Amino acid sequence: MTPRRSAWACAIAALAVACGGRQENAADGAPKLPPLALQPRIAELKAMAATRSAPTEAAQKELRDLGDIALQLVESDPRTLTLSERALGEHADAWWILEPALAHEQVEVRQRAAWLCGQSRQTALALPLLLRLKYELDPPTVVWVADALARLGNDSGLAWLDAAIGSEATAQAAGASAIEALRARGVALAEQPTWDEVRGALRQHHDAWQQRGTTSLPGTPPPDEKQTQWRLAAHLAASEGTQLRPVDDAKYVMRRAGSLSVPLVTRILDASEPYLRTLALQVLADLGPVARPASSAVLPLLGDPMTSSYAVRTLGECGASEALPFLRPMLGNADLELRTAAARSLGLLRDEPSRALLRARLQDATESMDVRVAAAFGLCCFDGEPEAAAFLADREAKKDYHEQTLARLRERLTALGK
């Protein structure tokens, strides 16, 4: 919903969609959209989240005893320590001890917890490890968490190892973890590889992760379906309230979980709760090509006045070229946000028939600056558009447009190799 629309207008439009009203794009020439049938999803998510169950009392006692030793909260001899580490890592409910330990006040305990997660091969533990990355302020502990993620087959950890190599304080530890992670992935490194060689290989594998959402680590066991389901559902259900942190947590974890989060996020695209639809679209857009399987479920939301601009952006980011017939007419839509989103997505999709229209938007001095900047970005996604590149550079030099937006667009173009 844009600031220019009144709350009453949005409510009426949303009611029309929910009741099976008009589903065509507003712009002439657009094909008819697939029908959008909204239904409540928050109760379903809460029910999924509620399937989280604590271990039995006997198991809890066993886990506490193992945890105290494995986390080195109590002293023990080396043999007992090794046996406890192994027993905890093999315990089906190891998460009950390890997850809270990731947020322990003592940094050494957090590091041990991260290491034990990585050793456990319980890949569902990647989700709490991702959330720990968001809040961890101790650089050496970040390396431990990133190492654990890499061991569990979440290749987003490779990017954190790359960044840690760039810091003198963590370079050696991160480098050792990175070399081990790369060799486990079959990368042939020199006996004493250079930093550039290691970091280049890390980036290559992380880029592949961002394209596929699946790990390059062979033999990674699939995550426990039940644990994965209730964890993801709990993140999504927490977006019901007015607090921003749970929403930000959900985005942070899900956009870094790769293909793991796509099925459940796709499932809630038809939620009658608008905040759930919006959150789902934002996560899928951030996942980019990994979210491509969700594109057919996104299409109906082009007819939803509350989330249509998010849907346009998502289709462009995930590379849904099949959506082009719906997106092209939106470049002439009366809605500013739709025109802006369409200009960006048509460029990301490299839609050659739209290139001249994007150029016309850029050159139209009466057009909104939002649309002109988006058109310049869209043109820069193609080759041979010096006018568009100069336009963006001029905005940066004159500082007459949102600096953060320009920085994000520049970062996106760099990622595209432009």
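Modeller: A salt bridge is a side-chain nitrogen of Lys or Arg within 4 Å of a carboxyl oxygen of Asp or Glu. Please keep in mind throughout that this is a predicted model.

Colleague: Which residue forms a salt bridge with Glu317?
Modeller: Side chains of opposite charge can pair when their charged atoms come close. For Glu317, the closest N and O atoms of the pair are 3.8 Å apart, and the cut-off is 4 Å. The partner of Glu317 in this salt bridge is Arg344.

Colleague: How many residues apart in sequence are the parts that this pair ties together?
Modeller: Glu317 belongs to helix α17, residues 308–317, whereas Arg344 belongs to helix α19, residues 336–348. Because the two residues sit in these two helices, the pair ties together parts whose separation in sequence is 27 residues.

Colleague: Is Glu317 buried or exposed, and how does Arg344 count?
Modeller: A residue is buried when its relative accessible area is under 20%, and partly exposed between that value and 50%. Glu317 has 8% relative accessibility and therefore counts as buried. Arg344 has 23% relative accessibility, so Arg344 counts as partly exposed.

Colleague: Which residue forms a salt bridge with Asp351, and how is each of the two classed by accessibility?
Modeller: In this pair the closest N and O atoms are 2.7 Å apart, and the partner of Asp351 is Arg328. The pair links distant parts of the chain, 23 residues apart, with Asp351 in the loop between α19 and α20 and Arg328 in the loop between α18 and α19. At 3% relative accessibility Asp351 counts as buried, while Arg328, at 33%, counts as partly exposed.

Colleague: Where in the chain is Glu136, the residue that forms a salt bridge with Arg110?
Modeller: The closest N and O atoms of Arg110 and Glu136 are 2.8 Å apart, and both Arg110 and Glu136 are buried. Arg110 is in helix α6, residues 107–120, and the pair links distant parts of the chain, 26 residues apart. Glu136 itself is in the loop between α7 and α8.

Colleague: How many salt bridges does the structure hold, and which residues are linked with Arg41 in a network?
Modeller: The pairs discussed above are among the salt bridges of the structure, which holds 34. Salt bridges also link Arg41 into a network, and its other members are Glu44, Arg267 and Asp270.

Colleague: Let us turn to the helices: are α9 and α11 roughly parallel or roughly antiparallel?
Modeller: Two packed helices are described by the angle between their axes and the distance between the axes. The axes of α9, residues 156–165, and α11, residues 195–212, come within 8 Å and cross at roughly 155°, and α9 passes α11 in a left-handed crossing. Angles over 145 degrees count as roughly antiparallel. The two helices are therefore roughly antiparallel.

Colleague: How many nonpolar residues does the contact of α9 with α11 have?
Modeller: Residues from α9, including Leu158, Leu161 and Ile165, meet residues from α11, among them Trp195, Val198 and Trp209. By class, the contact has three charged and three polar residues, and its nonpolar residues number eight.

Colleague: What angle do the axes of α12 and α13 make, and which word describes it?
Modeller: The axes of α12, residues 225–237, and α13, residues 244–254, come within 8 Å and cross at roughly 140°. This angle makes α12, relative to α13, oblique.

Colleague: Is the crossing of α7 and α13 left-handed or right-handed?
Modeller: The axes of α7 and α13 come within 9 Å and cross at roughly 120°, which means that α7 is oblique to α13. As α7 passes α13, the crossing is right-handed.

Colleague: Finally, what value is phi of Gln72 near, and what value is phi of Arg121 near?
Modeller: Most residues other than glycine have a negative phi. Gln72, in the loop between α3 and α4, is partly exposed because its relative accessibility is 46%, and Arg121, in the loop between α6 and α7, is partly exposed with 44%. Phi is positive in Gln72, near 60°, and phi of Arg121 is also positive, near 60°.

Conventions
Residues are numbered from 1 along each chain as its sequence is written. This is a predicted model: local features need pLDDT of at least 70, side-chain atom pairs count only at pLDDT 80 or more; totals for chains, interfaces and linings use all residues. Side-chain values use heavy atoms; hydrogens and water are left out. Helices (H or I, at least four residues) and strands (E, at least two) are DSSP runs, numbered from the N terminus. Buried means under 20% relative accessible area, exposed over 50%, partly exposed in between (1.4 Å probe, protein chains only). Axes are lines fitted to C-alpha atoms, for helices over the stretch in contact, and angles run from 0 to 180 degrees between N-to-C directions. Angles under 35 degrees count as roughly parallel, over 145 as roughly antiparallel, 65 to 115 as roughly perpendicular and the rest as oblique. A crossing is left-handed if the near helix is turned anticlockwise from the far one by less than a right angle, and right-handed if clockwise. Contact means heavy atoms within 4.5 Å. Ala, Val, Leu, Ile, Met, Phe, Trp, Tyr, Cys and Pro count as nonpolar, Asp, Glu, Lys and Arg as charged, and the others, Gly among them, as polar.
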